[in-house]
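Please look over the sequence and the model before reading on.

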Amino acid sequence: MNIKKMKFFKYNNLFITIFLCILTSIPVYYVRITTPVDSDYGVHVKLAQNILDSGVIELATTSHPILHIIIISVTKLTGGLIGLYASLFILQLVVQGMIGAAVYYWIGDGTKKHWELWRVFSSVSVTLLAPFMILALEDGLFYFGYIGLANYHNPTIHLLKPFALGCLILAEKGLNRNSNNSLLIILSATFIILSAGIKPNFALTFLPALGIVFLYLLITKQEFDKNMIIWGFAVPSLLVLTIQYFGLYGNKDTNIAIIWAPFIVKKAFSDFLFIKFLLSSLFVLQGLVVFRHQLLTDRILLLGWIMFSIGIFQTYFLAESGERMLHANFGWSGQIALFLLIVIILRKSLIFYFTDKIQSNLEKLAGLITYSMHLAGGIAYYLYCLFSIHYR
């Protein structure tokens, strides 16, 4: 097959990936946004309407306003023809396509037979994954107590995913190359600023994890692009997080603080926390066993696991004081970190799956089983959110 034909098929498969991601998400987002169900969409539309009416973004009430700015812009550019709710619906579909496209791009090309088929399947299916919520048969809960993946009630965590993936893709270049051009550094800064402006939880896990990897590579005297890590990620994210921190927690009117609260928030919503953690992490835990010998040599895998550890710590041990405690805002840290680690291990697993090592068949089977369990959980949760007014 010549190069032109190969490029055509890859572009065609990218289009198929985006199309399938959008198509599969239309029913559930239509129901969750256009009908009276338990969700966060109304809250965000109200915040956007307040910004639209006042022309002012107040950090005390809207510390991460990118979502609101986007849907306001769509509404204003169309002269009100597309309202805020319609803008939000369109945005959710576009974001779903962006996630699939980012995963497809990052998985990369392969020469093995059926590689493209698995590449498309992986890129679409990863947008549907959820914990294996078998305990729903016991407590009736599909979301509470788990580390969520697919999320059909909160638009900001959904919008965060493609930008977090973009940061991860760029971070790999910074960690694995001695130098990168200025354009990539500017792009990195743009992505991390936007991600923090969408929801700060990614930056709250990514920045300390990147700092740990940075120190590890310095101590072990390994080469990497220090300028990209510092100016592309560390400085811009610290700047935005500082503004957000003082705008929200430094405001005397809000009287909110970050507090040490081990398991308090999670216990308020569910029992069986340890089992639900395991059921949320099946695929990455088996991935830790399979790729344990590469943990210190594969820099993006190391970054992913440190991010996940930090995200889980924030989810289970930190909270906000006062009336915001049960908003569980640190729970988003575990969610975004788990999603990114799944993508990292999925990418490695595809390469591993196509190796010819006979002794690895059991490990390959374990990966297929655990991934299938997450996909089954995702399908169950999709149907639950499609036909129930709840998301719990």
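The notes below are grouped by topic.

This is a predicted model, in which local features need pLDDT of at least 70 and side-chain atom pairs count only at pLDDT 80 or more, while totals for chains, interfaces and linings use all residues. Residues are numbered from 1 along each chain as its sequence is written, and side-chain values use heavy atoms, with hydrogens and water left out. Helices (H or I, at least four residues) and strands (E, at least two) are DSSP runs, numbered from the N terminus.

**Salt bridges**

- The whole structure holds six salt bridges, each defined as a side-chain nitrogen of Lys or Arg within 4 Å of a carboxyl oxygen of Asp or Glu.
- Glutamate 116 pairs with arginine 119 in a salt bridge whose closest N and O atoms are 2.8 Å apart. The two residues are both in helix H5 (residues 115-125), three residues apart, about one turn of the helix.
- Glutamate 116 and arginine 119 are both buried; buried means under 20% relative accessible area, exposed over 50%, and partly exposed in between (1.4 Å probe, protein chains only).
- A network of salt bridges links Asp109, Glu116 and Arg119.
- Arginine 347 forms a salt bridge with glutamate 172, with 3.1 Å between the closest N and O atoms. Arginine 347 is in helix H15 (residues 331-353) and glutamate 172 in helix H7 (residues 155-176), so this pair ties together parts that are 175 residues apart in sequence. Both residues, arginine 347 and glutamate 172, are buried.
- Arginine 324 and glutamate 320 meet through their side chains in a further salt bridge (3.1 Å, N to O), and both arginine 324 and glutamate 320 are buried.

- Leucine 279 is located in helix H12 (residues 273-280) and counts as buried at 11% relative accessibility.
- The C-alpha atoms of leucine 279 and methionine 133 are 6.8 Å apart in space, although the residues are 146 apart in sequence.
- Leaving aside neighbours within four places in sequence, leucine 279 is in contact (heavy atoms within 4.5 Å) with Pro131, Phe132, Ile134, Leu135, Tyr146 and His374.
- Buried residues in H12 are Leu273, Lys276, Phe277, Leu279 and Ser280. They cover an arc of only 165° around the axis, which puts them on the same side of H12; the arc is that of the directions from the helix axis to the C-beta atoms.
- The partners against which the buried residues of H12 pack include helix H6 (136-139), helix H11 (264-269) and helix H14 (299-317).
- In H13, the buried residues are Leu282, Phe283, Val284, Gln286, Gly287 and Val290, and they pack against H12, H14, H15 and H16.

**Nonpolar core**

- A nonpolar core is a set of buried Ala, Val, Leu, Ile, Met, Phe, Trp, Tyr and Cys residues joined through side-chain atoms within 4.5 Å.
- The largest such core has 111 residues, of which Phe202 and Leu303 touch the most other members. H15 supplies the largest share of this core, 14 residues.
- Not counting residues up to four places away in sequence, phenylalanine 202 touches Leu160, Ala164, Cys167, Ile192, Ser195, Met307, Ile336 and Leu340.

**Positive phi angles**

- Histidine 114 is not a glycine, yet has a positive phi of about 70°. Histidine 114 sits in the loop between helix H4 (84-107) and H5 and is partly exposed, with a relative accessible area of 48%.
- Phenylalanine 263 also has a positive phi, near 65°. Phenylalanine 263 is placed in the loop between strand S1 (258-260) and H11 and counts as partly exposed at 32% relative accessibility.
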